[in-house]
Amino acid sequence: MTPRPTRVSDPNRKRTTAQLAVLTDRLEATERRQQQLQNTLAGLAREVGVSIGCLCGHCDESHTLIKDDTMYCPRCGYRRSI
Ligand SMILES: [Zn+2]
């Protein structure tokens with residue numbers, strides 16, 4: 001028995017295309033949500049008078065916050081004066 005050639009209507013390919021569409025939708029929704037949260041975070045920082053600094057080099061899980069010449073990480077607590 002010889003193997004059949006791959007056809008365009010291959011159900012595996014169809015499923016892969018459908019999965020790709022689902023992942024693309026999820027990625028776009030995640031990017032939109034991330035942008036919304038960034039906007040909210042920037043507004044919140046302005047409200048309370050802090051600046052958002054660089055990514056924390058200690059835990060890499062949060063951006064640092066800067067207030068009164070002190071930079072600190074709200075996630076791991078690392079802090080230093082600047
Ligand atoms: Zn940290």
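This is a predicted model: local features need pLDDT of at least 70, side-chain atom pairs count only at pLDDT 80 or more; totals for chains, interfaces and linings use all residues.
Visitor: What radius of gyration does the protein chain have, and what would a compact globule of 82 residues have?

Guide: For the protein chain the value is 23 Å, whereas a compact globule of 82 residues would have one near 12 Å.

Visitor: Which secondary-structure elements does the protein chain have, and what pattern do they follow along the sequence?

Guide: There are one helix and four strands in the protein chain. Their order along the sequence is α-β-β-β-β.

Visitor: How much of the protein chain counts as buried?

Guide: Burial is judged by counting neighbours: a residue is buried if 20 or more other C-beta atoms lie within 10 Å of its own. Of the 82 residues, 4% count as buried. Contacts may also be sorted by sequence separation. Among those between residues at least 6 apart in sequence, 0% join residues at least 24 apart.

Visitor: Into which domains is the protein chain divided, and what separates their centres?

Guide: Domain 1 covers 11–49 and domain 2 covers 50–82. Taken over C-alpha atoms, their centres are separated by 25 Å. Four residues of domain 1 are in contact with four residues of domain 2. On the side of domain 1 that touches domain 2, the residues divide into three nonpolar, one polar and no charged.

Visitor: How is the size of such an interface often given?

Guide: It is often given as the accessible area lost when the parts come together. For this structure, the description here rests on the residues in contact.

Visitor: Where does V50 lie, and which residues does V50 touch?

Guide: V50 lies in the loop between helix 1 (11–48) and strand 1 (51–55). Leaving aside residues up to four places away in sequence, V50 touches A45, L65, I66 and K67. The C-alpha atoms of V50 and L65 are 6.4 Å apart, although these residues are 15 residues apart along the chain.

Visitor: Why is V50 classed as partly exposed?

Guide: V50 is partly exposed because 17 other C-beta atoms lie within 10 Å, a count between the limits of 12 or fewer for exposed and 20 or more for buried.

Terms used: Residues are numbered from 1 along each chain as its sequence is written. Helices (H or I, at least four residues) and strands (E, at least two) are DSSP runs, numbered from the N terminus. The radius of gyration is taken over C-alpha atoms; the globule rule is 2.2 Å times the number of residues to the power 0.38. Two residues are in contact if their C-beta atoms, placed from the backbone, lie within 7 Å. Domain bounds come from an automatic or database domain assignment. Ala, Val, Leu, Ile, Met, Phe, Trp, Tyr, Cys and Pro count as nonpolar, Asp, Glu, Lys and Arg as charged, and the others, Gly among them, as polar.
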